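Try each task with the structure in view, then read through the solution.

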Amino acid sequence: MKTVGLTPTEPTAPRAEMLGVTFSRGWKHSSFRLGITHVCFGATLILLALLSACTSEPSKPAETAPKPAELISARSAFQKVYVAARGWNQDAKPYRLESTVTTDGNGHDGKWAVWRGSFASAAMRSQKSYTWSGSAADGAPERGVNPGIEDTYSPSNASTQVFDIAFLKIDSDQAFATAQQHGGDKILEKEPDTPVFYVCDWNHNTNQLVWHVTYGASREGAKLTVAVDASTGVFLRVEK
């Protein structure tokens, strides 16, 4: 005689459906596999992002606009180069102050972006120039005060007669205004793009500090040069 086993057996799927039994353990296994899939997919996205960040080129800094030129008058520039010259030699005195024509301006307001002051030391019998630059033009000196080359100096040289800075009372814009009244206005009326540059030095014949206001890019090709007293602003003469 066969006896019935007392150990319960798990019903098969069809039978379980008939009995209303669900396979909760099978669903748990499926959910577990789905969760693993989601984690793997997320990790893959993170890895791809890291690889993309490592292989991509570093971002370039934003280009900044070039600094505009600084245009100043003669007396402002002179103060800058004079301090440098006194640092070179305590007895240094100026014998010339002049502007340089650049593409940054035209000098019609007495202002330029490059000025050069030339100084002499009688005790050392040497001379040296200092150039101040606020220019952004190609080929212009580096911004700031730039020293020149030291050279020998002869006090008897008439073209390099030093002067006392107290004589320099008239600025370049004032000298320009005077020159305009003595032919300069007609030059600029016909040719408005004509640059105007300035040279200040000592006239040993008249014992005067003189501004030479020149209409043109150089003395050789000047259309007009007007001499103005650098101490009083009075018109002296037309030099060309």
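**Exercise 1.** Find the strand that holds Ser133, and decide whether Ser133 is buried or exposed.

*Solution.* Start with the location: in this predicted model, Ser133 belongs to strand E3. Next, take the relative accessible area, which is 1% for Ser133. The cut-off for buried is under 20%, so Ser133 counts as buried. Now look at the surroundings. Leaving out residues up to four places away in sequence, Ser133 touches Ala113, Val114, Pro141, Glu142, Arg143, Gly144 and Asn146. Finally, follow the side chain of Ser133, which reaches the backbone nitrogen of Ser135 at 3.3 Å.

**Exercise 2.** Work out where Thr160 lies and which residues it touches beyond those up to four places away in sequence.

*Solution.* Thr160 sits in the loop between strand E5 (151-152) and H4. With a relative accessible area of 9%, Thr160 is buried. Not counting residues up to four places away in sequence, Thr160 touches Tyr95, Gln127, Tyr153 and Ser154.

**Exercise 3.** Describe the largest nonpolar core: how many residues does it have, and which element gives the largest share?

*Solution.* First the size: the largest nonpolar core has 37 residues. Trp115, Phe119, Trp211 and Tyr215 have the most contacts inside this core. Then list the elements that give it two or more residues: the helices H3 (74-88) and H4 (172-190), together with the strands E2 (114-121), E3 (126-133), E6 (196-203), E7 (208-215) and E8 (224-229). The largest share, seven residues, is from H3. To finish, zoom in on Tyr215. Aside from neighbours within four places in sequence, its contacts include Phe176, Ile187, Leu188, Val196 and Leu224.

**Exercise 4.** Classify the ring pair Tyr82 and Phe119, and then the pair Tyr198 and Trp211.

*Solution.* A pair of aromatic rings is described by the distance of the centres and the angle of the planes. The model has seven aromatic pairs. For Tyr82 and Phe119, the centres are 6.3 Å apart and the planes stand at 40 degrees, so this pair is tilted. Tyr82 is in helix H3 and Phe119 in strand E2, so the pair ties together parts 37 residues apart in sequence. Phe119 is buried, at a relative accessible area of 0%. For Tyr198 and Trp211, the centres are 6.2 Å apart and the planes stand at 85 degrees, so this pair is edge-to-face. Because Tyr198 lies in strand E6 and Trp211 in strand E7, the pair ties together parts 13 residues apart in sequence. Both Tyr198 and Trp211 are buried. One more thing to look for is an aromatic cluster, formed by Phe78, Tyr82, Phe119 and Tyr130.

**Exercise 5.** Find how many bridges join E8 to strand E9, and what the two strands form.

*Solution.* Three bridges join E8 to E9 (residues 235-238), and the strands run antiparallel. One of the links is between Val226 and its bridge partner in E9, Val238. E8 and E9 form a hairpin with five residues between them. In the turn, Gly233 has a positive phi of about 85 degrees.

Key:
Residues are numbered from 1 along each chain as its sequence is written. This is a predicted model: local features need pLDDT of at least 70, side-chain atom pairs count only at pLDDT 80 or more; totals for chains, interfaces and linings use all residues. Side-chain values use heavy atoms; hydrogens and water are left out. A nonpolar core is a set of buried Ala, Val, Leu, Ile, Met, Phe, Trp, Tyr and Cys residues joined through side-chain atoms within 4.5 Å. Buried means under 20% relative accessible area, exposed over 50%, partly exposed in between (1.4 Å probe, protein chains only). Helices (H or I, at least four residues) and strands (E, at least two) are DSSP runs, numbered from the N terminus. Contact means heavy atoms within 4.5 Å. Two strands pair if DSSP finds at least two bridges between them. A polar contact is a pair of N or O atoms within 3.5 Å; within protein, one must be able to donate a hydrogen and the other to accept it, and residues adjacent in sequence count only if both atoms are side-chain atoms. Rings of Phe, Tyr and Trp (its six-membered ring) pair if their centres lie within 6.5 Å; planes under 30 degrees apart count as stacked, over 60 as edge-to-face and the rest as tilted.
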